[in-house]
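Let's take a friendly walk through some charged pairs and a couple of backbone angles. Keep the structure open as you read.

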Amino acid sequence: TREARGLGLDPGRVHLCGHSAGAHLAAMAATEPDASKVASLLLLSGLFDLAPLGALPLGVLLGLDDAARARRLGPIGRTRPACPVRFAYGQAESAAFADQSARMAEAWGAPAPQVIAGKHHFSMLDSLRDGGPLLDLALALAAEGC
């Protein structure tokens, strides 16, 4: 949002949405100490607590087996941004994605995540494009944030 004016955008009307690793990045961006306020934040099937990844080979490679580093690089321990926040995940997701979204929503005092019926990690995004429940959630959240 720091560059919004230079792009001809109103920084008070920037809405962030991210899916999977993008949800992690959107949450991190919105909670940076010097971040400009965003109007709303929609986080879809994200990874918010990186500590469990430290037990996996890729997690070790990324240094997430260091608990302090995993905490620092994940948004779950950060203060919720001062904007409306919503979470969603697909009904056919793995239990880990459902748990991550539920734990993050609880940690930030946000409403329980919306479960997108019959959708998995990737097919849930169809609901944004095709006018389904995820698009309805995004539009309602954007209206709330303005």
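How exposed is Arg78, in terms of relative accessible area? In this predicted model, Arg78 has a relative accessible area of 23%, so it counts as partly exposed.

Arg78 has a partner in Glu32: the two form a salt bridge, with 2.9 Å between the closest N and O atoms. Arg78 sits in the loop between α3 (67-72) and β3 (85-90), while Glu32 sits in the loop between α1 (21-31) and β2 (40-44), so the pair ties together parts that are 46 residues apart in sequence.

If you are wondering about the general idea, side chains of opposite charge can pair when their charged atoms come close. Across the model, the count comes to six salt bridges.

Next, have a look at Arg103, which is partly exposed at 31% relative accessibility. Arg103 forms a salt bridge with Asp49, and here the closest N and O atoms are 2.6 Å apart. This pair links distant parts of the chain: Arg103 belongs to helix α4 (residues 95-107), Asp49 belongs to the loop between β2 and α2 (57-61), and 54 residues separate them. Asp49 counts as buried, because its relative accessibility of 14% is under the 20% cut-off.

Asp99 and Arg103 both lie in helix α4, four residues apart, or about one turn of the helix. Asp99 is partly exposed, with a relative accessibility of 38%. Through salt bridges that share partners, Asp49, Asp99 and Arg103 are joined into one network.

## Two serines with positive phi

Now for the backbone. Ser20 is not a glycine, yet its phi is positive, at about 60°. You will find Ser20 in the loop between β1 (15-19) and α1. With 18% relative accessibility, Ser20 counts as buried.

What is the phi of Ser45 near? The value is near 45°, which is positive in a residue other than glycine. Ser45 is placed in the loop between β2 and α2. Is Ser45 buried or exposed? Ser45 is buried, and its relative accessible area is 0%.

How values were computed: Residues numbered from 1 in each chain as written. Predicted model: local features only at pLDDT ≥ 70, side-chain atom pairs only at ≥ 80, totals over all residues. Heavy atoms only, no water. Salt bridge = Lys/Arg side-chain N within 4 Å of Asp/Glu carboxyl O. Buried < 20%, exposed > 50% of the residue type's maximum accessible area, 1.4 Å probe, protein only.
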